[in-house]
Amino acid sequence: MDNRVVITGLGVVAPNGTGIPDFYNAIKKGISGIRFYQELKDFNFSCCIGGIPKVSEELKQQYLTPLQLKNFNSPGILYGCMAGIDAWKDAGLSINENSNTDWDSGTVFGTGSSSVEKLRESFYKIDAGQVKQLGSTAVVQTMVSGVSAYLSGILGLGNLVTSNSSACCTGTEAILMGFERIQSGKAKRMLVGGCSDHGPYIWGGFDAMKVMSYKHNDDPEKASRPMSATAGGFVPGSGAGALLLESLDSAVERGATIYGEVSGGAINAGGQRGSGSMTAPNNEAVQRCIKDAIHNANIQPDDIDLINGHLTATIKDAAEVNSWATALNRKGKDFPNIHSLKAMTGHCLGAAGAIESIAAILCLHHNFIFPAVNCEDVHPDIAAIISPEKIPQTVLENNKLQVIAKASFGFGDVNACIIFKKYTE
Amino acid sequence: MTKEELIEKLKGIVKPYVKNEEGFNNLNEHTDFLNDLKINSANLVDVILDIENEFDIIIDNDSMEKMLNVKAAMEIINAKLAEK
């Protein structure tokens, strides 16, 4: 029989909150982490705003050693390590550099692209004939598996250690890959999540595609507007989210706090056929992914209390809502509540699915629904499908949530959907 | 530069990479970077880069290969300084 998989640890470094207490407070109050960055303006970006986590030098040093921070220029790896270490400790697990290898614990920690700043620095040295100056850490910081490699060394992980990459699906996919590893009995604990760098070198390509918001450089907190009639593109974000997944048996044996259960999920792709392309989702694939997740989790569409959408604040939001409504066969007032964390954090790319899943689990654990800020003017195409009251403008407390569906979609026409459920024996 | 001064400079350079504090406290001419200080072998290239910057010298590949202990490092640094 398959193992049940529960969540026993959380860690987050998000634009609107570093550490779970900060983040929890921020999402409950609808606090935005989007700010204006002069650097982007100086580089002639159309979108001069973004979401960058606040991390002080002192805080960095609590997670990485002076040696690890020497010639270090990889914010994504830093955020991933911070979130990963927090999640590990939150689960009540210890960190000891002299411990034995933990054969039962592994990690799937993804990223969309790795350490562009470090790559840039390295390229300049190579072009100047100074390859020797790269030192010993250019490889480990720029390899895609850098973040999982750093975490594995810090924690002593001896099971699967890898980094997945599937664009904006990455974080959500990582959770499902770790889930399957535990479900099938190949690991007891998996640290899963995603991380993303920030700044002009990673955001530039999106700016060039004209898919980012450029009308709110003067009021950044209003810029990310998922499901709104005035949505004008996504706002780039960054950070990391980490979850410690564990077999129910192991969690119970350790007496760990259980935040919730991963009851199932699905990953698929649209093959860039039909409405799908490199940059747009095949709606049929999205609907299949949602239906497969429901089937895999052994629940009914009506069981879903809340949808934590992908909803990036682009013209594709209405198509996503329509896909949910079609897949669940629920419309109007019968539709579950729905919101998007991106309104507060922007789109954290490879970290998005992980950070947003943490927000979902906090809702599940603390019985609340964070507000869908910046959606006071629901898009008419969306209002035609679902009742606007299903997009809560203010925080809903004392909401006895049982089941939350979380989905992410990414370039390459890839999809992932997870069902989180309140844990009951 | 006296031998003692050179050793003190080297101590400052290797400090961030040292994994064995006892070996570091007893650092002398006969100290081996890998065995006594437990410096990760990958970090030897960083130690050499730091030495190059500190003394404003260039250490060639053949010399790099020999720089596994304090004594060899001192000899190479002195030789390169003399060439300047």
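Start by selecting strand E8 of chain A, residues 239-247: 9 of its 9 residues are buried, so the strand is largely enclosed by the rest of the structure. (Buried means 20 or more other C-beta atoms within 10 Å of the residue's own, exposed means 12 or fewer, and partly exposed is in between, with C-beta atoms placed from the backbone; helices, H or I of at least four residues, and strands, E of at least two, are DSSP runs numbered from the N terminus.) This is a predicted model, where local features need pLDDT of at least 70 and side-chain atom pairs count only at pLDDT 80 or more, while totals for chains, interfaces and linings use all residues. Residues are numbered from 1 along each chain as its sequence is written, and chains are lettered from A and ligands numbered from 1 in the order in which they are written.

Strand E1 (residues 5-14) of chain A pairs with E8(A) in the antiparallel sense over 8 bridges, where pairing takes at least two DSSP bridges between the strands. Look for Gly11(A) opposite Ala242(A). Strand E7 (residues 189-196) of chain A also pairs antiparallel with E8(A), over 8 bridges, and here Met190(A) has Leu245(A) as its bridge partner.

Click on Ser247(A), which lies in E8 of chain A. Ser247(A) is buried, with 22 other C-beta atoms within 10 Å. What does Ser247(A) touch, leaving out residues up to four places away in sequence? Asn3(A), Val5(A), Ile182(A) and Lys188(A), where touching means that C-beta atoms, placed from the backbone, lie within 7 Å.

Then go to Met227(A), in the loop between helix H10 (200-209) and E8 of chain A. Its phi is near 65°, a positive value in a residue other than glycine. Met227(A) is buried, with 28 other C-beta atoms within 10 Å.

Hop over to chain B for Lys38(B), in the loop between helix H2 (21-25) and helix H3 (44-55). Lys38(B) isn't a glycine either, yet has a positive phi of about 55°. Is Lys38(B) buried or partly exposed? Lys38(B) is partly exposed, with 16 other C-beta atoms within 10 Å.

Last stop: helices. Select H5 (residues 75-90) and H8 (residues 146-155) of chain A, whose axes come within 9 Å and cross at roughly 40°. (Axes are lines fitted to C-alpha atoms, for helices over the stretch in contact, and angles run from 0 to 180 degrees between N-to-C directions.) H5(A) and H8(A) are therefore oblique to each other: angles under 35 degrees count as roughly parallel, over 145 as roughly antiparallel, 65 to 115 as roughly perpendicular and the rest as oblique.

Finish with H9 (residues 170-183) and H15 (residues 352-366) of chain A, which pack at about 70° with axes 5 Å apart. H9(A) and H15(A) are therefore roughly perpendicular to each other. Among the residues making this contact are Gly171(A) and Ala174(A) of H9(A) and Gly353(A) and Ser357(A) of H15(A).

Definitions and conventions
Two residues are in contact if their C-beta atoms, placed from the backbone, lie within 7 Å.
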